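Subject: Structure for your review

Dear colleague,

I am handing over the structure we spoke about, together with some notes on what was found in it. Please look through it first and then read on.

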Amino acid sequence: MRPDGARIKGEGLRHVGVPYDSDDAYVRLVLPRVRTALTEGRRVLVITRPDKLDRLAEALGRDAERVDRRVAASWYGHPYRTLAALHEYTRGRRTLVVGEPAWEGRNEREVRELIRHESVVNAALARSSALVFCMYDLRRTPPAALEYHEVNHPLLLDAAGETPSAGFVPPGELVLDGDRAPLPAPGPGAVTIRFTARELRRLRRSVGDWASTAGMARDHVTSLVISVSEIAANSVEHGAGFGTITMWKTGGELLCEIADPGGALDDPLPGYIPPEPESPRGYGLWISRQLCDLVELRAEGGVLRVRLHLSLGE
């Protein structure tokens with residue numbers, strides 16, 4: 001039996017950045033690659049705006065029925081859930097993924113995490129047999145994303161074909177604006193609780209009660225409690241054996257920071273890569289990134305700080 005995520009027939013990931021400047025150019029670039037992939041027996045997924053999905057379907061004719069199609073606004077709603085979905089889609093099979101994030105309406109933080117997502121794809125899908133083409137509409141993509149398009153893709157596609165990107169940076173070495181800046185101090189009204197192994201159950205109850213009192217929706221409370229519990233348990237098992245959690249509310253979100261005085265940050269991509277099914281470790285940060293809107297980590301003065309952001313919800 002082939003292990004999950006193993007390469008097929010010696011193939012590896014091909015991750016290609018593709019800038020274009022018109023809807024006609026989009027179809028002209030994507031159509032032949034989809035047809036070739038279908039001929040090769042690959043599973044094909046295309047993610048973009050609804051109007052482009054319609055244009056591509058019209059050009060494909062009957063072959064459109066053989067293509068999985070998703071609307072970008074929903075598919076890219078949460079970058080790390082998107083990463084998990086891509087990992088699942090490409091695992092153990094030959095695939096073509098043509099993706100194009102919906103950039104409109106995103107704030108600076110959301111754009112930054114989508115840029116990071118594009119980089120992490122190189123590591124998360126490294127063992128797959130996937131062709132991943134990332135489309136960049138020059139009319140709509142924000143300048144910050146275009147700036148990193150050559151950084152995040154080992155290959156670039158233009159009229160002359162695919163060429164290696166001279167600006168490519170491996171995902172473990174990528175540093176975006178603010179990545180190394182100190183985290184801001186907790187906001188007004190912050191509450192701090194100390195915990196040890198014997199107090200994890202009480203900690204979960206305290207976090208849940210505090211989040212509910214702050215007005216967080218029930219399903220978001222559950223996500224927050226699970227995330228805090230996973231990180232705190234890691235601190236107990238692999239860190240100092242104790243720590244603190246500080247909670248506060250700002251704007252429409254709650255922040256919880258778990259501080260571990262015996263922690264370390266030795267993984268260049270902590271929680272970004274899905275753990276192997278048989279692995280007993282690596283789930284805490286991965287789960288937290290799936291459940292929270294943002295997870296920030298800093299190792300300063302011998303203390304590892306994991307800051308979780310989660311909206312109040314409806």
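Two strands are taken as paired if DSSP finds at least two bridges between them. With that in mind, and remembering that this is a predicted model, Leu 155 stands opposite Pro 164 in strand 7, and Leu 157 stands opposite Glu 162 in that strand. Strand 6 and strand 7 are joined by 4 bridges and run antiparallel, and the hairpin that connects strand 6 to strand 7 passes through 2 residues.

Strand 4 (residues 94-99) and strand 5 (residues 129-137) are parallel and joined by 6 bridges, with Leu 96 standing opposite Leu 131 in strand 5. Strand 1 and strand 6 also run parallel, joined by 2 bridges, and Gly 17 has Leu 156 in strand 6 as its bridge partner.

As for annotation, an unreviewed UniProt entry places the feature "domain: MEDS" at residues 14-154. In the model, the end C-alpha atoms of that span lie 8 Å apart, and the span is 50% helix and 23% strand.

Cysteines

How many disulfides does the structure hold? The structure holds 0 disulfides. Cys 292 is in no disulfide, and the nearest cysteine sulfur, which belongs to Cys 256, is 8.2 Å away, whereas a disulfide would require two cysteine sulfur atoms within 2.5 Å. Cys 292 is buried, with a relative accessible area of 1%, and Cys 134, at 5% relative accessibility, also counts as buried.

Salt bridges

A search of the whole structure finds 25 salt bridges. One of them pairs Glu 253 with Arg 109, with the closest N and O atoms 3.4 Å apart; this pair links distant parts of the chain, since Glu 253 is in strand 10 (residues 253-260) and Arg 109 is in helix 5 (residues 108-124), 144 residues apart. Glu 253 counts as buried at 13% relative accessibility, while Arg 109 counts as partly exposed at 26%.

Within helix 5, Arg 116 and Glu 113 are 3 residues apart, which means that about one helical turn separates them, and they form a salt bridge whose closest N and O atoms are 3.2 Å apart. Arg 116 is buried, with a relative accessible area of 10%, and Glu 113 counts as buried at 7% relative accessibility.

Arg 305 forms a salt bridge with Glu 300, the closest N and O atoms being 2.9 Å apart; here Arg 305 is buried, with a relative accessible area of 16%, whereas Glu 300 counts as partly exposed at 29%.

Finally, a network of salt bridges links Asp 23, Arg 49, Asp 51, Lys 52, Glu 100, Glu 104, Asp 137, Arg 139 and Arg 140.

Conventions:
Residues numbered from 1 in each chain as written. Predicted model: local features only at pLDDT ≥ 70, side-chain atom pairs only at ≥ 80, totals over all residues. Heavy atoms only, no water. Buried < 20%, exposed > 50% of the residue type's maximum accessible area, 1.4 Å probe, protein only. UniProt positions renumbered as here; feature names shortened; annotations may be inferred. Salt bridge = Lys/Arg side-chain N within 4 Å of Asp/Glu carboxyl O.
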